[in-house]
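Hi there,

Here is the model I promised to pass on. My notes on its charged side-chain pairs follow below.

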Amino acid sequence: MNIFEAKDLTHSKDISCDVCIIGSGAGGSPLAAGLVEKGLNVVMLEAGSYQTAKNFRMNEAEALRNLYQEGGLRATSDLGITILQGKSVGGSTTINWTTCFRTPEKILTLWQKRFGLFPLTSEELSPYFQEVERRLNIRPWSEEAANANNKVLLRGCKTLGWESSVLKRNVNGCANSGYCGMGCPINAKQGMLTTYLPEALNGGMRLFCNTRADRVESSTTRAERILASVIDPKTNRPTGVRLNIKSKVIVSACGAINGPALFLRSGLNDKNLVGKRTFIHPVVAIAAQFDEPINGFHGAPQSISSHQFINRGADKIGFFMETAPIHSILTSSSVPTFGKDKMQFMSQLNHMSVLIAIHSDGVHPDDVGGTVSITSSGRPKIDYPISPLLKEAFREAHKTLGTLGLAAGAKRCYSLHTNPVSIEKNDDISLFEQQKYGSLEHIIFSAHQMGGLPMGKDPNQSVVNSDLRHHSIENLFVVDGSVFPTSLGVNPSQTIYTLSLRAVNTIANLF
């Protein structure tokens, strides 16, 4: 099937193609399938390994090592924010929790007004939304099938009179195992690994795995070639084999951290915009303890959400609420205590519900997010300062999640601070006012990375236009979440799929 792994790549070589796509995730794979169908010669590079259902053994340690960036240890430079991001064929679609939303109308309107992205309307995107939903079987999960962890969120919202809704998931034949974050062992998850990517391969695309794009060589107006290194998956070090890919069109689809790093290594930062305005949907959490078992490791990880607090007023950052699966490594690494305290917490794990608040960064005009830069060795470096706006939002999110957990019947809720707040009644909510908020004060993590190569009408304020084409380099495109000029306030995968499909004709029409 034209799949080449490190063991197959023993000699450096020159390769030619019509389109070279860097990254096999939500941006790269739909685009590849569409371009192959148009008859184009496509090559795809993927830094991760080719892992399939036969490798997915529902073992958390193996999954983190094989399917996540930096073995699941990617973090901001101050180690204050854990960044969960995929690194294998299929990218983050192989390990995400299958939650799908269309781009909110409010966000499209904001992008039009603030960034001049007037072509991106719901009417323009509607046929692509529909096609993605058809191809990936994106449908609402049932309220009845929600696991106990998600029913805590649902029950709390109903008790308090807050908005809640059943989520849509890209699954087909889901066994409700709860191991989505470790790769689906039965191929029920309709990620890129089982949908668009096989279509592209069956159409003749060549996929080079364990192959890292080091730099794009270009003139002032055209990208000429990609220089790439083959990586030994066991050591994560270059083997010495290099690929020189000469391509008529080059597409960066390697995400909102690796994409800006590639541009910086390539010297493509003439206006000092690359890596700026990086958004991560920063997440804080509450662990709610119940008398009855929750067993949040079993069942669809996410099936209920609430956007009750996504709009908190013009001077505040909004957040939406979902749940996180309760697997041992993910949970223990999210509890910033040690020794006896951690042992006591973990001993109650099957009685815990983990409620999360996901913050919509970059929407407030004063919220500029973080920055991706590179180290002297060319590795990505992520800095994300916690602004006063975010600190206020984190405190309010903890108060909200604590209220929600108690309303759902929890006997106590923990804040996951370094010195955790434990609340047992509504009068205890005021304890959050006494806590510090910010990096290393409490657990913060990100599963949604966006921005860094933003799209916009003005070349002095953006890297690509609304067609995802570089403002200066006519045959260079960016097709992934790095083009978002703000975060979305919803899980981003469906927006990326949609923009990828929309880019097919734009690129094909160049030939």
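**Salt bridges**

Lys425 and Asp428 join their side chains in a salt bridge (3.1 Å, N to O), a term used here for a side-chain nitrogen of Lys or Arg within 4 Å of a carboxyl oxygen of Asp or Glu. Lys425 counts as partly exposed at 46% relative accessibility, whereas Asp428 counts as buried at 14%. Buried means under 20% relative accessible area, exposed over 50%, and partly exposed in between (1.4 Å probe, protein chains only).

Before you go on, please note that this is a predicted model, where local features need pLDDT of at least 70, side-chain atom pairs count only at pLDDT 80 or more, and totals for chains, interfaces and linings use all residues. Residues are numbered from 1 along each chain as its sequence is written, and side-chain values use heavy atoms, with hydrogens and water left out.

The structure holds 25 salt bridges. One of them pairs Glu133 with Arg102, with 2.8 Å between the closest N and O atoms. This pair links distant parts of the chain, 31 residues apart: Glu133 sits in helix α4 (residues 122-135), and Arg102 in the loop between β5 (99-100) and α3 (105-115). Helices (H or I, at least four residues) and strands (E, at least two) are DSSP runs, numbered from the N terminus. Glu133 is buried at 15% relative accessibility, while Arg102 is partly exposed at 35%.

Lys158 and Glu143 also form a salt bridge (3.0 Å, N to O). Lys158 is exposed, at 53% relative accessible area, and Glu143 is partly exposed, at 31%.

Best wishes
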